[in-house]
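Work through the exercises below with the sequence and the coordinates at hand. Each task is followed by its solution.

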Amino acid sequence: MIKGSCLCGDIQFETAAEPQGPSMCHCSQCRKQAGGIWASAHVADSDLTITGPVTWFAASDIAKRGICSRCGSYLFWKGKGEDTISFALGAVNGDTGIKIAKHIFVASKGDYYDIADGVPQEEE
């Protein structure tokens with residue numbers, strides 16, 4: 001069971017499902033919202049239980065982001081029309097047991113760091 005929460009604890013989430021697609025996103029939207037790279041994995045919508053007052057923000061026409069309006073934690077990413085939801089690996093309580101499989105949107109990564117971990121990179 002993976003359990004997590006926002007910084008203040010108002011929002012909690014959990015899943016017993018095996019998370020898929022663990023990645024680090026370097027897009028400008030994630031960098032602006034998270035203050036840096038956003039690491040996440042996804043599960044089926046029906047496999048993630050969320051409690052607490054999630055505020056949803058649509059930064060684009062393709063997805064919305066779930067945040068805590070009290071502490072500002074960026075917890076979820078939900079693609080329009082998709083049946084999965086991504087959750088922030090940094091919000092997981094304790095160890096995740098998950099290893100990053102890819103870096104995404106590296107074409108728009110910040111110029112202040114290098115990606116040197118040998119994990120596959122996708123331009124978009």
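**Exercise 1.** How much space lies in the largest pocket?

Solution. The model is a predicted one. In this model the largest pocket holds about 410 Å³ of space. Next, take its lining: 23 residues line this pocket, and Cys25, Trp77, Ser86, Ile104 and Phe105 are the closest to its centre. Sorted by class, the lining has 10 nonpolar, 8 polar and 5 charged residues. Last, assign the lining to elements: those giving two or more residues are helix 1 (28-34) and strands 3 (20-25), 4 (38-44), 7, 8, 9 (84-88) and 10.

**Exercise 2.** Find the order of the strands in the open sheet of 7 strands, and state which strands stand at the edges.

Solution. The order reads 6-7-8-9-4-3-10, and the pairing is mixed. Strand 6 (54-57) and strand 10 (102-104) each have a single partner strand, so one side of each lacks a neighbour in the sheet. On average, neighbouring strands are turned by 30 degrees against each other, direction ignored.

**Exercise 3.** In which sense do strand 7 and strand 8 pair? Then place Gly79 and decide: is Gly79 buried or exposed?

Solution. Strand 7 (residues 63-68) runs antiparallel to strand 8 (residues 74-79), with 5 bridges between them. Gly79 belongs to strand 8, and Ala63 stands opposite Gly79. Leaving out residues up to four places away in sequence, Gly79 touches Ile62 and Ala63. The relative accessible area of Gly79 is 2%; the cut-off for buried is under 20%, so Gly79 is buried. As a distance check, the C-alpha atoms of Gly79 and Ala58 lie 9.9 Å apart, with the two residues 21 apart in sequence.

Notes. Residues are numbered from 1 along each chain as its sequence is written. This is a predicted model: local features need pLDDT of at least 70, side-chain atom pairs count only at pLDDT 80 or more; totals for chains, interfaces and linings use all residues. Side-chain values use heavy atoms; hydrogens and water are left out. Two strands pair if DSSP finds at least two bridges between them. Helices (H or I, at least four residues) and strands (E, at least two) are DSSP runs, numbered from the N terminus. Axes are lines fitted to C-alpha atoms, for helices over the stretch in contact, and angles run from 0 to 180 degrees between N-to-C directions. Buried means under 20% relative accessible area, exposed over 50%, partly exposed in between (1.4 Å probe, protein chains only). Contact means heavy atoms within 4.5 Å. On a 1 Å grid over the protein atoms alone, a cavity is a set of points where a 1.4 Å probe fits but cannot get out, and a pocket is an open set with protein on both sides within 12 Å along at least five of seven lines; lining residues have an atom within 4 Å of a point. Grid points are joined across faces, edges and corners, and a volume is the space filled by probe spheres set on the points. Ala, Val, Leu, Ile, Met, Phe, Trp, Tyr, Cys and Pro count as nonpolar, Asp, Glu, Lys and Arg as charged, and the others, Gly among them, as polar.
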